[in-house]
Amino acid sequence: MKPAIEWVKRHPYLTSWVVLAIGMVIMLLASSQHAGLLPSQLAFLVLMTILLAGACVWIITWDSDDEEEEEPAK
């Protein structure tokens, strides 16, 4: 268990991406059960949802990256 915790501490953005993507895909699959989508359409939506989760984490971290760069200058 300790190696997993260390990996999470070393890679917080990837961890955030994975957690957010899992949640978003679960919501997508739950809400699209009766939509009559083809398997290829559903696979494409899952892929785009995972990429969207990555983009969300990337955008959210823009501000935190600026703060980390400014701290040594003080």
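T49 counts as buried in this predicted model, because its relative accessibility of 12% falls under the 20% limit for that class. The residue belongs to helix α3, which spans residues 39–70. Beyond its neighbours within four places in sequence, T49 is in contact with M24, V25 and L28. The side chain of T49 also has a polar atom 2.6 Å from the backbone oxygen of L45.

Of the contacts in the chain with a separation of 6 or more, 65% are made by residues 24 or more positions apart. Burial such as that of T49 applies to 16% of the 74 residues in the chain. The accessible surface amounts to about 6,000 Å², and carbon and sulfur atoms contribute 71% of that area.

Helix α3 also carries W58 and W62, whose rings form an aromatic pair; the structure holds 1 such pair. The ring centres of W58 and W62 lie 5.3 Å apart and the planes meet at 80 degrees, so the arrangement is edge-to-face, the class assigned to planes over 60 degrees apart. Because W58 and W62 are 4 residues apart in helix α3, about one helical turn separates them.

The two tryptophans fall into separate accessibility classes. W58 is exposed, because its relative accessibility of 56% is over the 50% limit. W62, with a relative accessible area of 44%, is partly exposed.

Notes. Residues numbered from 1 in each chain as written. Predicted model: local features only at pLDDT ≥ 70, side-chain atom pairs only at ≥ 80, totals over all residues. Heavy atoms only, no water. Buried < 20%, exposed > 50% of the residue type's maximum accessible area, 1.4 Å probe, protein only. Contact = heavy atoms within 4.5 Å. Areas by Shrake-Rupley, 256 points an atom, 1.4 Å probe, with all protein chains shown as cover. Helix = DSSP H or I, 4+ residues; strand = E, 2+ residues; numbered from the N terminus. Polar contact = N/O pair within 3.5 Å; in protein donor to acceptor, adjacent residues only side chain to side chain. Phe/Tyr/Trp six-rings, centres within 6.5 Å; stacked < 30°, edge-to-face > 60°.
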